[in-house]
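Subject: Handing over the structure, with notes

Dear colleague,

Here is the structure that I promised to pass on to you. My notes follow below it, and I would be glad if you read them with the structure open beside you.

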Amino acid sequence: MAKVPLNRTSQNVPYRWFLLALLVLAAPIRGQSYGAVHPEWTTPIAPFKIADNLYYVGSQDLASYLIVTPQGDILINSSLTSSPPLIANSITQLGFQLRDVKILLISHAHFDHDAGSAELLRLTHAKYMVMDADVPVVESGGRKDFAYPDDRYPPVKVDRILHDGDQVRLGGIVLTAHKTAGHTRGCTTWTMRAVLDGKPRDVVIVGSWNVNSGFRLVDQPGHPASYPGIAADYRHTFAVLKSLPCEIFLGAHGAYFNMLSKLDRAKSGAGDTVWIDPEGYRAAVAEREQAFENELKSQQGGSR
């Protein structure tokens with residue numbers, strides 16, 4: 001049974017949002033420098049409750065999360081420049097209001113997770129909080145990204161610079177920012193507690209653990225590592241991820257935690273408990289760590 005919104009009245013999506021969403025979704029999807037276009041990034045999906053006051057408001061794969069509190073809401077990930085209408089529509093469908101978002105966070109500074117921030121901040125006047133090493137990328141609109149400086153989006157001024165272990169608090173909710181760098185210099189994994197099935201649960205929202213094609217993990221003649229210390233950052237990231245207690249496993253992409261298959265199971269009778277997946281979390285971390293080690297070994301062999 002869905003949680004009743006906190007003293008807020010449900011309203012239909014404003015007509016201007018509906019029209020804008022249609023225009024956005026009908027438009028060609030912007031390409032990017034690290035792989036094929038993904039239609040699932042812009043395909044809507046019905047928003048849903050994960051646990052207590054934690055909701056999914058993203059697309060079929062680009063994950064955005066709404067954390068609802070009595071003092072306003074927290075939104076994680078603005079996604080593409082085209083995503084704000086989809087996110088706003090999802091929030092409204094749940095019976096909440098975009099204007100109640102007081103804090104905007106991101107998983108990391110790549111355009112598929114933070115390019116919509118300028119528009120969402122314009123609409124909400126929320127405070128934008130970003131991990132220290134990703135701030136230059138965000139504030140340059142992607143220009144200072146170590147791998148994809150041509151993937152540009154509207155630059156935004158950050159209101160609060162976060163550091164590893166910092167906490168974001170609002171209305172009794174506490175989110176902890178874990179710096180899990182490598183994929184970006186300031187990639188952030190978020191943890192919090194939320195009630196599901198009558199018990200407080202440890203929630204982990206993985207920022208990213210992927211070594212993208214073209215990332216250089218080691219120095220080679222004429223081709224230095226993508227940034228100094230990137231391999232050490234990845235190793236630290238996997239150590240952090242393995243240390244985190246996790247019951248509810250989420251991530252910056254739905255594919256990280258098999259979201260669509262879990263949704264099918266939930267609709268088939270398994271209910272909200274499908275999101276409780278500590279074994280899946282540990283297995284995914286182990287698989288991604290092995291992929292990193294394999295890529296590192298391959299690149300080290302090529303440097304000799």
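A residue is called buried here when its relative accessible area is under 20%, exposed when that area is over 50%, and partly exposed in between, with a 1.4 Å probe and protein chains only. Please keep in mind that this is a predicted model, in which local features need pLDDT of at least 70 and side-chain atom pairs count only at pLDDT 80 or more, while totals for chains, interfaces and linings use all residues. Residues are numbered from 1 along each chain as its sequence is written, and side-chain values use heavy atoms, with hydrogens and water left out.

Of the 304 residues, 53% are buried. The accessible surface comes to about 13400 Å², and carbon and sulfur atoms hold 53% of that surface; the areas come from the Shrake-Rupley method with a 1.4 Å probe, and for residues only the protein chains shown count as cover. Among the contacts (heavy atoms within 4.5 Å) with a separation of 6 or more, 65% are between residues 24 or more positions apart.

Next, the aromatic residues. A search of the whole structure finds 15 aromatic pairs, where rings of Phe, Tyr and Trp (its six-membered ring) pair if their centres lie within 6.5 Å, and planes under 30 degrees apart count as stacked, over 60 as edge-to-face and the rest as tilted. One of them joins phenylalanine 249 and tyrosine 281, edge-to-face, at 5.4 Å centre to centre and with 75° between the planes. This pair links distant parts of the chain, since phenylalanine 249 belongs to strand 12 (residues 248-251) and tyrosine 281, 32 residues apart from it, to helix 8 (residues 278-302). Both phenylalanine 249 and tyrosine 281 are buried.

Phenylalanine 257 and tryptophan 275 have ring centres 6.3 Å apart and planes at 65°, so this pair is edge-to-face. Phenylalanine 257 sits in the loop between strand 12 and helix 7 (259-270), and tryptophan 275 in the loop between helix 7 and helix 8, so the pair ties together parts that are 18 residues apart in sequence. Phenylalanine 257 counts as buried at 1% relative accessibility, and tryptophan 275 does so at 2%.

Beyond its neighbours within four places in sequence, valine 285 is in contact with Trp209, Phe238, Leu241 and Lys242; leucine 241 is 44 residues away in sequence, yet 7.1 Å away in space, C-alpha to C-alpha.

Finally, some backbone angles. Aspartate 197, in the loop between strand 10 (188-196) and strand 11 (199-206), has a positive phi of about 55° although it is not a glycine, and aspartate 197 is exposed, with a relative accessible area of 54%. Asparagine 258, in the loop between strand 12 and helix 7, has a positive phi of about 55° and is not a glycine either; asparagine 258 is partly exposed, at 48% relative accessible area.

Technical notes
Helices (H or I, at least four residues) and strands (E, at least two) are DSSP runs, numbered from the N terminus.
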